[in-house]
Each structure stands twice: as C-alpha cells, then as structure tokens.
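Hi everyone, thanks for coming.

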Amino acid sequence: MTTAVLRVERLCKSFGGVHAIRDLTFEVQPGEVMGLIGPNGSGKSTTVNSLAGLFPVTSGEILLAGAHIQHLPEPERVELGLARTFQTASVFPEFTVRQQITLGCEPTLKSPPLSSIFGIGRHQGEVEAIEARVQDLLEVTGLAAVADDAVGTISSAQQRFLMIATALASEPKIVLLDEPAAGLVSHERKTLSELIKSIRDRGIAVLVIEHHMALIMEVCDRIVVLNFGSKIADGTPAEIRSSQAVIDAYLGE
Ligand code: ADP
Ligand code: MG
C-alpha cells in the first residue's frame with residue numbers, strides 16, 4: 001500500500017463557539033485530484049487554511065507523506081511539499097511574472113532569501129536550474145507571452161494562473177487550490193481544467209475547492225463533500241452525483 005500524500009485524521013476546528021470542521025477524516029493519494037465541495041460555510045476554506053497552517057487546529061492530525069505537520073508553521077509545511085494558492089497575486093505588483101514565479105522557488109533553494117531575484121549570494125549551480133524550472137512553469141500555465149510584464153498589469157485570469165505557477169514553483173507533493181475558477185469565463189475554465197490535469201500528470205496531487213460543478217466533475221478522481229463542517233460523502237464523481245445525501249445537502253440547491 002502506498003503512503004497517502006496527505007492524511008487528515010479526526011480534524012476539528014472551532015472559532016469560539018462555531019464548529020467550522022467536525023471530526024474530518026480523508027486521504028489524498030499521490031498524483032490524485034481530490035475535490036472538496038459543499039454549501040457556503042460548510043468548512044472548505046477552513047480545511048485548506050488548517051492544512052496550510054494559517055492557524056492552529058483545535059484537535060486532530062495532519063500527515064504529509066506520513067509525517068505529522070499539524071504543529072509546524074506555514075513555511076515549513078511549504079518546504080516539506082504542501083503548497084497553496086493565495087487570494088492576492090503578489091506583494092510586489094511591479095515585479096514581473098517571471099520574477100514572481102522565481103520567488104516561489106525560494107523554499108527549495110539553498111541560497112539566502114531573495115537571492116533568486118537580486119542575485120546576491122546565489123549558488124551558481126542553482127541559477128540555471130531555477131531559470132529552467134521557471135520557464136517550464138511559464139509554459140505549462142500559458143504565461144510565457146507575459147513573462148516580462150509587471151504582475152499588476154496582467155489580466156485577472158492570468159493572475160490566477162500565476163498563483164498556481166507560483167505554488168508549483170516550490171516543487172510540492174500536493175497543491176491546494178481554493179476556488180481557482182472564481183471569476184473565470186468558459187474558455188479560461190477549460191484552460192484551468194487542462195492545467196489541473198497536467199499537474200496531476202506530473203505526479204503532483206491536487207486538492208481543489210470549487211463551486212463550478214462541471215469543472216469538479218471533469219477533473220476530480222475523487223470528491224469529498226462537507227456539510228456543516230462534517231463529511232457527508234466521499235467517492236468518485238459518478239458516486240457523488242447520485243448520492244441522495246449530497247443531492248439533499250448541496251447539488252439539489
Ligand atoms: P466555506 O469555505 O465552505 O464557505 P468556511 O470554512 O469559510 O466555509 O467557514 C466555515 C464556518 O466557519 C462558517 O460558519 C464561518 O463563518 C466560520 N469561520 C470561518 N473562518 C472564521 C474565522 N476566521 N473566524 C470566525 N469564524 C470563521
Ligand atoms: Mg470558502
């Protein structure tokens with residue numbers, strides 16, 4: 001049996017009296033695309049934020065490739081191979097797309113922080129490898145044509161793909177995507193689903209939260225459904241589509 005890339009065991013997270021996640025258990029296998037769906041307020045973002053280490057969980061365990069990570073700060077989780085996309089595209093909108101993705105490589109470098117951008121104290125051998133990795137990510141995310149444009153000037157759809165490219169730059173074992181299709185039009189959603197499949201084809205697992213059901217049903221190998229912070233179903237897209245509990249709680253809305 002292979003070790004799950006991510007294992008969440010009896011996870012609970014409360015905000016004061018609000019039980020945002022209750023006793024949540026699931027696994028993501030290497031190279032699997034797992035969807036996390038459910039009504040608004042069902043605990044999807046809280047799950048992703050708990051996994052990423054944005055705040056301490058109330059109880060339960062999180063294992064990344066078999067290692068407990070629930071006590072580690074966010075940057076250490078990234079170094080171990082858990083990446084996520086952020087809502088804001090960049091802290092420096094004047095950076096170019098290429099520089100932004102290069103910054104995303106930092107967690108994997110031996111050189112000092114920001115050396116990848118400013119060129120101070122870089123290990124020479126790393127420079128070419130990083131440039132090649134960034135070029136590959138520019139191409140896989142369809143951003144090569146705007147590689148040298150400032151992040152603040154590209155379209156909002158391109159900014160979303162940039163967030164994914166930046167997350168992939170840390171060479172993760174799993175990437176967490178919170179509503180990546182929000183604000184995208186039909187042909188951009190098509191590009192997104194192709195991108196998610198190509199991430200999977202590279203052997204990287206994907207956990208995706210999304211309201212756009214056609215996209216979820218198309219890209220996911222497996223889907224976990226939350227309702228009021230609890231898991232109510234876990235199965236293939238076909239199983240989820242025909243689950244009466246899921247139809248009652250969510251799909252029948
Ligand atoms: P979803 O992403 O599925 O829409 P969330 O995880 O954002 O749901 O929210 C789950 C529940 O937790 C909601 O009742 C929400 O109001 C509450 N919640 C989320 N984040 C916080 C927070 N930082 N402080 C207090 N309550 C929160
Ligand atoms: Mg949310």
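Let's begin with a helix. Helix α1, residues 44-52, lies across β1, β2 and β4 (59-64), and runs at about 65° to β2. Before I go on, a word on what we are looking at: this is a predicted model, where local features need pLDDT of at least 70, side-chain atom pairs count only at pLDDT 80 or more, and totals for chains, interfaces and linings use all residues. Residues are numbered from 1 along each chain as its sequence is written, while chains are lettered from A and ligands numbered from 1 in the order in which they are written.

Helices (H or I, at least four residues) and strands (E, at least two) are DSSP runs, numbered from the N terminus. Angles run from 0 to 180 degrees between N-to-C directions, with axes being lines fitted to C-alpha atoms, for helices over the stretch in contact.

Now, which strands form the open sheet of 4? The order is β2-β1-β4-β5, with antiparallel pairing; strands count as paired if DSSP finds at least two bridges between them. At the edges sit β2 (18-28) and β5 (67-68), each pairing on one side only. Between β1 (residues 6-15) and β2 there are 7 antiparallel bridges, and Leu11 stands opposite Leu24 in β2.

Next, the ligand. Around ligand 1 we find Phe15, Val18, Ala20, Gly38, Asn40, Gly41, Ser42, Gly43, Lys44, Ser45 and Thr46, where near means that a C-beta atom, placed from the backbone, lies within 6 Å. Both β2 and α1 give two or more residues to this shell, and the largest share, 3 residues, comes from α1. By type, the shell has 3 nonpolar, 7 polar and 1 charged. Here Ala, Val, Leu, Ile, Met, Phe, Trp, Tyr, Cys and Pro count as nonpolar, Asp, Glu, Lys and Arg as charged, and the others, Gly among them, as polar.

Let's move to the other sheet. What is its strand order? This open sheet of 6 strands reads β6-β7-β8-β3-β9-β10, with mixed pairing. Its edge strands are β6 (82-84) and β10, each pairing on one side only. Within the sheet, β3 (residues 33-37) and β9 (residues 222-227) run parallel over 4 bridges, with Val225 in β9 as the bridge partner of Ile37. By contrast, β9 and β10 (residues 230-235) pair in the antiparallel sense over 5 bridges. These two form a hairpin with 2 residues between them, and Phe228 in the turn has a positive phi of about 50°. At the β6 end, 3 bridges join β6 to β7 (residues 174-178) in parallel. Our helix α1 packs on this sheet as well, touching β3, β6, β7, β8 (205-209) and β9; contact means C-beta atoms, placed from the backbone, within 7 Å. Helix α7 (residues 186-201) also packs on the sheet, touching β3, β7 and β8.

Finally, the domains. An automatic or database assignment sets the bounds: domain 1 is 1-78 + 203-253 and domain 2 is 82-171. How many residues meet between them? 7 residues of domain 1 are in contact with 5 of domain 2. On the domain 1 side, α1 and α2 (74-80) each give two or more residues, and that side divides into 6 nonpolar, no polar and 1 charged.

How values were computed:
Contact = placed C-beta atoms within 7 Å.
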